[in-house]
Each structure stands twice: as C-alpha cells, then as structure tokens.
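Reader: I have a protein model open on my screen, and I would like to learn how to read it. Could you take me through some of its features?

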Amino acid sequence: MAKIELINLNKQFGDKFAVKDQNLIVNQGEFLILLGPSGCGKTTTLNCIAGLEIPTSGQILFNNNDVTNNPPHSRNVAMVFQSALLYPHLNCKQNILMSLKKTELTDKEKEDRISNSVSILNIQDLMTKKPHQLSGGERQRVATAKAIVRQPDVFLLDEPMAALDAALRQTLRSELVNLQKKLNTTTIFVTHDQVEAMTMGDRIAVMNNGKVEQIGTPIEIYNQPKTKFVAGFVGSPPMNFLNGTFIHQDNKNLFEINDTKDLIEINSDLKNISTFKTLAFRPQHLAITNESDFDLKLKIFGIENLGKELIIICEYNNSKIRIITEKTNYKINDIINVKIDKNNILYF
C-alpha cells in the first residue's frame, strides 16, 4: 500500500483549470472519498494519480517517490470505472486473468490470485459466464475482482455504482468498505453522492472548482463545515440558508433577514460576528410550534413523506426552507410557525 501526496497539482485543458493548486495527502491504507459536483475536478484528479492524465504542473508522490510522469503500468495502480470494462467475448475468469497477462507470475500463482479475489467477492458461480449474462451488480463485482487480482498499492474507483439501482448501491457500499478493510489497500473513491461519501469513507475531501475546500472525517465535514459550499453540499435534506446582517440591539445579538427585515435573536459570543452574512441550520434543527415565541412564519410549498418522517418544504423570502418532522397533519399552503435550535446554527 502507498501513501499518496499531491503537491500544487494543476491540470489545464485549454484555458480551463480542471484541477487547480491541489494539495492532498492520502495515508497508507486509508479509504478516502473525493466528493463534489460534476465538473469539480475529482475524476481528473483520479486520472492524474492513475497516470491516465499528465499534470500541467505539480507533483504526485507515492511513498515519497515522484511518479508524476511515470506511465500507468509502472505505478501498481488498479482502477474501477463507472461502467464495468469487461471484454464481451471472454468469460469472467478470462476477464480477470487479463489483468495478469503482462506479469511474470507462474500459472499457479495466477490461479491462486484469481481464486483469492473471486472468493473475497463471492463470485465463484459467475466464472464461466460472459458479461452479457450478468446483472449490473455482478459485472461491477467482476470488474472489482479484475482490479484487486493485481494486488495493487493503490485502488482507484471512479463512481463505480452510479449506474446501479438504489438497493444494489446500498448493498455494494458495505461490500466495498468490507473489502477495503480486508485488503488494507490505499483507496480513493470518487462520487457526487454525499450519502455514499458519509457512509463509506475514513475521510472525505470535498472538491469545488478544481480544489479541495475541506477534508476531514464524515462527522467533521457534516458538523463543522468550513465553507458555505461544503455546508450546502453535504447533508440530506440540504442545509437551510438565510442571508442578512448581524446587528447588536438592546443588548441582544440579532440577525436581520434581507428583504423581510425579520429579526432572529441568536446566542453567540463569536468575535466580529457583524462580518458574517449568512445564517445556516439543518432541517432537523427546526421545530414547528404553536407558541407565541417563534422565529419564522412559513408557508408550506411541498411535503415529502418518507414513512418514518416528513420533509416539509416551505417558501420564505424567495427561497425554500426544509423541516424534518414526525407529524403528519399538514397540507400544502398551510401557514406554520417555526423555532430554530440556536445551539445548532452556523455562520458564514
């Protein structure tokens, strides 16, 4: 397994920077998630690590060795793509064997490696089948076996579950994490799905506009987002935002919302609080109340029933505010009063 370090990495296509001043360390044996929207540079970063793209500038180090300009085959990296890349005319065992064609292993060593990878992924009964006879999940398991049979130092996965149905994705999430812990191989997993990121990674690197905005454990990213982008991208339903101005009046810290001029009293001893322009809170930190002491009056725009809970989508000041509640006696166009949990407010 390898420790990977990216130093001032840049990848430019024409005038556009796909990756810009990227600095990142992936520890030995770590499962790191590259999370971000389409076009943020996560796949390009992965391709540079694999050697499929040569950086415009910067360095890529494997265990302190510079591999920036090394060809892919010399890096001992295995990669699984969004679509399972299998040869349609070969059966599954022959497909897996193709990863070992250019090695100096004996036939017995190749057979042992294939047997081991097939056993780990529990796909013994698929070996004589061809790709067109497999389901999407089965094809991805074979593609994963095809990658790990090489016993790579680095395992790269580029949105390998994006084309699968929700139930299968949920099953494969736990299988991939379990596999990575068994192999203890340094793994980088690219996704735009924040649920995958939160449930799978040791750490998450949230990317935007070609660089990492924040890196940390899933709990750190969720509870302590450093930027408004990270706060809005991580979490389902997404974070609620109100734009306005912090003021001090009558010995109280207040937030005056733009346009409506509604005032929300806040509990905060932050220094320079007047420099913050956005107040943020998650849907579970709002409570619907019948008391006279409330923070916002909202009109219900939509209701999403998830069975164990409701997500109520409300209109306020030309934006949408989401609330998680267990109550079911609400209808679209109802007017409700809500109270914000002041201990769980973030400021940007």
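**Reading the model step by step**

Author: Helices (H or I, at least four residues) and strands (E, at least two) are DSSP runs, numbered from the N terminus. Axes are lines fitted to C-alpha atoms, for helices over the stretch in contact, and angles run from 0 to 180 degrees between N-to-C directions. Contact means heavy atoms within 4.5 Å.

Reader: What should I know about the model itself?

Author: This is a predicted model, where local features need pLDDT of at least 70 and side-chain atom pairs count only at pLDDT 80 or more, while totals for chains, interfaces and linings use all residues. Residues are numbered from 1 along each chain as its sequence is written, and side-chain values use heavy atoms, with hydrogens and water left out.

Reader: Which order do the strands of the open sheet have?

Author: The general idea comes first. Strands of a sheet pair through backbone hydrogen bonds, either parallel or antiparallel. Here two strands pair if DSSP finds at least two bridges between them. In this model, an open sheet of 6 strands has the order β6-β7-β8-β3-β9-β10, and its pairing is mixed. At the edges stand β6 (77-80) and β10 (211-216), each with a single partner strand, so one side of each has no neighbour in the sheet. On average, neighbouring strands of this sheet are turned by 20° against each other, direction ignored.

Reader: How many bridges join β6 to β7?

Author: There are 4 bridges between β6 and strand β7 (residues 154-158), and the two run parallel. To find the pairing on screen, look for Ala78, which stands opposite Phe155 in β7.

Reader: Now a helix, please. Which residues of α3 are buried?

Author: Buried means under 20% relative accessible area, exposed over 50%, and partly exposed in between (1.4 Å probe, protein chains only). The buried residues in α3 are Lys110, Arg113, Ile114, Ser117, Val118 and Leu121. They cover an arc of only 125° around the axis, which puts them on the same side of α3. That arc is taken from the directions from the helix axis to the C-beta atoms. The buried residues of α3 pack against α2 (92-98), α4 (136-148) and α5 (166-183).

Reader: What span should helix α3 have?

Author: The expected span of a helix is 1.5 Å times one less than its number of residues. For the 15 residues of helix α3 (residues 107-121) this gives 21 Å, and the end C-alpha atoms are 21 Å apart, which agrees.

Reader: What can backbone angles tell me?

Author: Most residues other than glycine have a negative phi, and most peptide bonds are trans.

Reader: Which peptide bond is cis?

Author: Look at the bond from Ser236 to Pro237, which is cis, with omega near 0°. You will find Pro237 in the loop between α8 (228-233) and β11 (240-249).

Reader: How many salt bridges are there?

Author: A salt bridge is a side-chain nitrogen of Lys or Arg within 4 Å of a carboxyl oxygen of Asp or Glu. By this rule the count comes to 8 salt bridges. One of them joins Arg141 and Glu175, whose closest N and O atoms are 3.1 Å apart. Arg141 lies in helix α4 and Glu175 in helix α5, so the pair ties together parts that are 34 residues apart in sequence. Arg141 counts as buried, at 15% relative accessibility, whereas Glu175 is partly exposed, at 33%.
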